[in-house]
Structures are given as C-alpha cells and as structure tokens.
Amino acid sequence: MSPQDSLKAQVAQAALSLIGPGAWLGVGTGSTVNFFIDALAASGLKVAGTVSSSEASSARLKQLGIPVFASHEVAELDVYVDGADEIESHGYMIKGGGAALTREKIVAAQSKQFICIADESKWVQTLGAFPLPVEVIPMAAARLIQCFESLGSGVKASLRMKEGKPWVTDNAQHLLDVRGLQIQDPLAFESLVSQWPGVVTVGVFAHQKANVCLLGTAHGVKTFYF
Ligand code: 5RP
C-alpha cells in the first residue's frame with residue numbers, strides 16, 4: 001500500500017469510531033471513501049442503512065451487504081462521510097474530482113453532520129489550486145466557460161472529457177474544470193456561481209461544509225472541528 005493510501009485507510013478506520021450502531025449514514029464517493037466502505041463492512045458495525053452519492057459507491061456498498069436506500073426514502077441522515085479534493089481551516093472544501101459533486105451536496109444537506117476524511121495532501125490555506133469541478137447543463141457549458149474566465153486573466157475553464165467525448169455524470173450532465181482560481185471567500189463564491197443559469201452544482205462546499213475533518217498525517221490522524 002502506498003503511504004498516501006495508508007493515510008486514507010487510517011482516516012477511514014478513525015471515522016468508524018464516530019458512528020454508532022443503528023445510525024443512518026450518508027456515504028460519499030472516491031478512493032478514501034472506498035477504504036471507509038471496506039472498513040465499515042469489515043467492522044461488523046450494523047447501521048440502519050445508507051444513502052450514497054454515486055452509482056459506484058452504491059454498487060460497492062451493496063456488494064458488501066450494506067443496505068442502500070434512495071434519498072427520498074430517508075428523512076434525515078445522522079452522519080455523512082466523504083473525502084475532499086481540498087479542505088481548509090474553516091471546513092470549506094473543493095469536491096467533485098470524482099464527478100459526484102451534485103449528489104454529494106444533496107446527501108450532505110440531508111445529514112446532521114459532515115465528517116470529511118482526507119490525507120494531509122488535501123489540506124490547503126486557500127481553495128483553488130485543485131481544478132474546481134462544476135456540473136453544468138450541456139447547452140450552457142460554452143457560456144459558463146466565458147463567465148468563469150471573466151473572473152480573472154489567469155482563470156481557464158474546460159469541459160471534462162473522456163475518450164474524446166464530454167464526460168457524462170450520473171445525472172446525465174457535463175462537467176467543467178476551472179483552473180487558476182484563488183477562492184478567498186468560499187461562501188460568497190459558492191452563492192455567486194450557484195445562481196448562474198445552467199450551473200447544476202459548483203464544487204465549492206462552503207454552505208455544506210465539513211463539521212469534522214479527520215486528517216491523515218505522518219504523525220497520526222488529526223481531528224479538526226469546525
Ligand atoms: C468525488 C469527490 C471525492 O471526495 C474527492 O474527489 C476525493 O477523492 P479521493 O478520496 O479519491 O481523493 O469529491 O466527487
């Protein structure tokens with residue numbers, strides 16, 4: 001296992017200790033969450049059920065015998081566990097590198113508490129070095145690229161591609177990746193971009209920030225509360 005994967009496995013294990021038996025659990029998406037799903041299955045901890053943020057996580061949960069429910073079947077989730085592409089000292093994050101940002105924001109909003117599990121490479125002073133994912137309605141993509149690029153001369157937005165075609169999300173929409181940002185006020189930035197016509201979800205999670213971050217470091221798992 002690589003050193004980074006070892007940190008991911010440690011934070012996944014640490015998250016289990018914050019979850020009680022019978023909890024309703026939101027489950028995110030990505031390689032760190034995959035460690036969490038595997039650790040949950042191996043632990044024998046019985047949760048009431050899960051709501052997942054992607055087809056990939058749902059498939060992994062079901063394969064390991066963990067019950068998965070649709071979002072509308074559950075009124076409220078006790079805890080949402082997910083990774084991040086970047087997280088800063090207020091618990092604000094960039095997410096969506098794995099293209100699941102819209103369902104991640106929905107499940108996070110449905111949860112009482114957001115536990116972010118991340119290795120130390122994700123910890124930043126200012127959000128924006130990681131290309132910001134934005135899920136968009138396809139017909140708006142070209143105009144939204146212009147909107148982002150009008151924010152500053154160093155800002156470049158591009159359509160995420162896969163095998164020569166636009167990437168299609170679980171929600172049948174497209175994705176932009178925006179480079180060259182330095183997001184000084186994540187709450188204001190998320191509010192601004194969210195109201196541009198054609199934006200489905202912007203990958204800044206400030207209104208749905210983390211409440212807890214379990215950060216895997218070379219000196220052990222550090223816990224931050226926000
Ligand atoms: C997926 C996400 C992930 O949480 C984020 O990309 C981190 O992934 P990983 O744990 O693989 O580094 O937002 O849309």
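Contact means that heavy atoms lie within 4.5 Å. The legends below describe close-up views of a predicted model.

**View 1. The largest nonpolar core of the predicted model.** This core has 25 residues. Those with the most contacts inside it are L132, V134, L144, F148, V178 and F189. Two or more residues are given to this core by each of the elements β7 (132-136), α5 (141-149), β11 (174-179), α6 (186-194) and β12 (199-202). The largest share, four residues, comes from α5. At least three residues of this core are drawn from each of domain 1 (3-124 + 207-225) and domain 2 (132-203).

**View 2. The surroundings of F189.** Residue F189 is among those with the most contacts inside the largest nonpolar core. With residues up to four places away in sequence not counted, F189 touches L132, F148, L151, L181, I183, V202 and V204.

**View 3. Residue T201 in strand β12.** Strand β12 contains T201. Is T201 buried or exposed? The relative accessible area of T201 is 8%, and the limit for a buried residue is under 20%; T201 is therefore buried.

**View 4. The contacts of T201.** The side chains of T201 and T102 are joined by a polar contact of 2.8 Å. With residues up to four places away in sequence left out, T201 touches L101, T102, K105, P133, V134 and E135. Of these neighbours of T201, V134 is one of the residues with the most contacts inside the largest nonpolar core.

Notes
Residues are numbered from 1 along each chain as its sequence is written. This is a predicted model: local features need pLDDT of at least 70, side-chain atom pairs count only at pLDDT 80 or more; totals for chains, interfaces and linings use all residues. Side-chain values use heavy atoms; hydrogens and water are left out. A nonpolar core is a set of buried Ala, Val, Leu, Ile, Met, Phe, Trp, Tyr and Cys residues joined through side-chain atoms within 4.5 Å. Buried means under 20% relative accessible area, exposed over 50%, partly exposed in between (1.4 Å probe, protein chains only). Domain bounds come from an automatic or database domain assignment. A polar contact is a pair of N or O atoms within 3.5 Å; within protein, one must be able to donate a hydrogen and the other to accept it, and residues adjacent in sequence count only if both atoms are side-chain atoms.
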